[in-house]
Amino acid sequence: MQIKTIFAGFGGQGVLMMGYSFAQAAMFEGFHVTYLPSYGVEVRGGTANCTVAVSNEEIASPVASQPDYLVVMNNPSLMSFQTRIAPGGAFFLNSSIITGRPNRSDVDIWGVPTAEIASELGNPRVQNVVMMGAYVKMTRIVSAESYLKSLKSILGTKKKAAMEINRKAFEAGFNYIE
Amino acid sequence: MSDKILIAGNWAIGEAAIRAGCRFYAGYPITPQNELTEYMAENMRRAEGGTFIQAESEIAAVNMVLGASAAGARAMTSSSSPGISLKQEGISALAADELPAVIVNMMRGGPGLGNILPSQGDYFQATRGGGHGDYRTIVLAPASVQELADLTMDAFDLADKYRNPVMILGDGMTGQMMEPVVFGKPRPRRYNEKYVLKGAGEGKSKFIRALILDALRMEEHNWKLVRKYRVVEQNEVRFETYKTGNARLIIIAYGIAARIAKGAINRLRDSGMKVGLIRPITLWPFPAQIIRDTAERIDRFLVFEMSTGQMIDDVKLALEGKGHVSFYGRPGGVVPTPAELAKAIVQEYRR
């Protein structure tokens with residue numbers, strides 16, 4: 001098994017953190033994993049993305065020719081990546097701001113209104129973790145426990161309040177999607 | 001499992017260097033290796049007796065490393081392509097002075113300032129000495145973050161063993177990418193302290209110099225270096241073979257390009273095409289013998305580089321006219337996908 005996911009959105013939406021937290025969770029579960037961030041002449045408000053590969057054997061290339069999953073937080077990223085997704089794969093769309101629909105009929109499409117859900121929780125900054133709740137539930141690559149463990153190690157033990165709101169965001173996304 | 005951490009390549013080099021006893025780092029910022037300088041700035045102070053200097057230029061940094069090395073420190077500098085060009089004078093001096101040092105080059109697109117994306121255009125510069133004069137630099141080409149960590153530790157040992165500069169030749173992608181790493185246990189440092197300059201003290205004065213005006217003495221020094229290089233060629237060649245057993249076509253690629261090649265090979269193997277890989281881990285000394293031996297039973301080779309074709313020269317030299325060598329390259333910072341490379345391989349395979 002080898003699964004590649006591209007996480008993409010505006011710089012500032014936390015897409016690199018989404019990929020990193022997921023990659024670390026997969027490492028905790030004993031998978032081989034690579035995390036490749038986009039870097040370059042990035043600007044605030046520009047697009048950012050990262051590719052995470054998870055496999056039970058050595059990963060040849062950290063680059064994804066055909067990602068199995070696309071987690072897309074904004075319209076421009078949907079335009080950039082929608083043709084690359086593998087047939088039978090799945091989109092996770094931030095339906096709060098993505099107005100377009102993917103031009104693909106051979107994939108699953110899951111919409112998550114991350115902004116609305118995060119606002120209900122009282123913190124718009126946790127939209128990315130809301131999305132991760134939906135992603136972790138539907139992809140079943142890592143367990144919710146491993147993901148939360150990864151999140152905890154990123155946030156550190158000092159920030160209890162931050163962990164609490166992120167845990168709530170994760171659960172809200174997890175429970176939203178069926 | 002708890003000692004396994006998810007870490008970016010540039011950081012892994014820094015951590016491995018400190019664990020290996022590197023106690024002097026001087027560098028000057030350049031993308032895509034800034035995270036290494038950043039890591040050393042933050043972490044060298046953890047190391048007892050550690051010194052971090054952000055130098056005023058790349059040339060200053062490499063010469064500070066030369067000084068630290070002459071004083072007996074395990075010393076390292078790092079940069080990316082244009083910055084490595086600036087360091088060549090110092091690398092040539094390190095080779096001439098027979099001083100150990102580790103130089104990291106996380107290659108980017110070139111020539112000139114080029115861009116900041118992953119590339120492999122510095123192969124000639126790295127393996128042919130790079131600076132002026134008759135010398136060689138040991139060149140290690142890691143293909144994963146784990147290997148970056150392991151080879152960084154090895155680089156310091158090799159530098160001490162041969163009293164020679166060792167280059168770690170990575171690229172923007174291996175530097176930026178994160179993978180799980182378990183840091184190995186560094187071996188105790190073994191080196192002959194006799195050359196180290198310790199300031200005024202007992203005994204005869206000693207000096208390290210590379211200005212040898214007498215022709216015969218200079219020639220003697222040149223041949224002495226060559227004898228050392230022959231020993232390196234004998235002892236230090238490293239490579240990996242991948243699915244070469246029943247292969248009909250062999251890909252030769254190093255570093256991140258070899259990772260992409262493995263991806264392509266796995267795709268092709270799934271559709272029944274017998275393709276394998278030889279991955280040089282040391283670029284100098286180059287694994288010529290394994291390529292020559294492989295040519296006894298397989299006569300088709302495809303060299304894949306993220307350049308316009310440089311290592312292909314070494315492959316041809318190794319083959320001594322045997323076999324058929326083709327080339328696929330993407331220079332300038334383009335990183336092809338395994339699918340794209342697979343297409344190029346299929347064309348060659350079906351020929």
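B:P111 sits in the loop that runs between β5 (101-107) and α5 (123-127) of chain B. Helices (H or I, at least four residues) and strands (E, at least two) are DSSP runs, numbered from the N terminus. The bond from B:G110 to B:P111 is a cis peptide, with omega near 5°. The model is predicted: local features need pLDDT of at least 70, side-chain atom pairs count only at pLDDT 80 or more, and totals for chains, interfaces and linings use all residues. Residues are numbered from 1 along each chain as its sequence is written, chains are lettered from A and ligands numbered from 1 in the order in which they are written, and side-chain values use heavy atoms, with hydrogens and water left out.

A cis peptide bond also joins B:T31 and B:P32, with omega about 10°. B:P32 belongs to the loop between β2 (24-27) and α2 (34-43) of chain B. Most residues other than glycine have a negative phi, and most peptide bonds are trans.

The interface was examined next. In chain B, 27 residues are in contact with 21 residues of chain A; contact means heavy atoms within 4.5 Å. The buried area between the two chains is about 1900 Å², and carbon and sulfur atoms give 69% of it. Buried area is the accessible area (1.4 Å probe) that two parts lose on being put together, summed over both. Between chain B and chain A there are 4 residue pairs in polar contact, both residues at pLDDT 80 or more. A polar contact is a pair of N or O atoms within 3.5 Å; within protein, one must be able to donate a hydrogen and the other to accept it, and residues adjacent in sequence count only if both atoms are side-chain atoms.

The interface holds 1 salt bridge. The term denotes a side-chain nitrogen of Lys or Arg within 4 Å of a carboxyl oxygen of Asp or Glu. A:E58 pairs with B:K262 in a salt bridge, their closest N and O atoms 3.2 Å apart. On the side of chain B that touches chain A, β1 (5-8), α7 (172-176), β8 (178-181), α9 (255-270) and α12 (338-350) each supply at least two residues. The most comes from α9(B), with 7 residues.

Over all chains, the whole structure contains 26 salt bridges. One of them links B:R74 to B:D157, with the closest N and O atoms 2.9 Å apart. B:R74 lies in the loop between α3 (58-70) and β4 (75-79) of chain B and B:D157 in helix α6 (residues 145-162) of chain B, so this pair ties together parts 83 residues apart in sequence.
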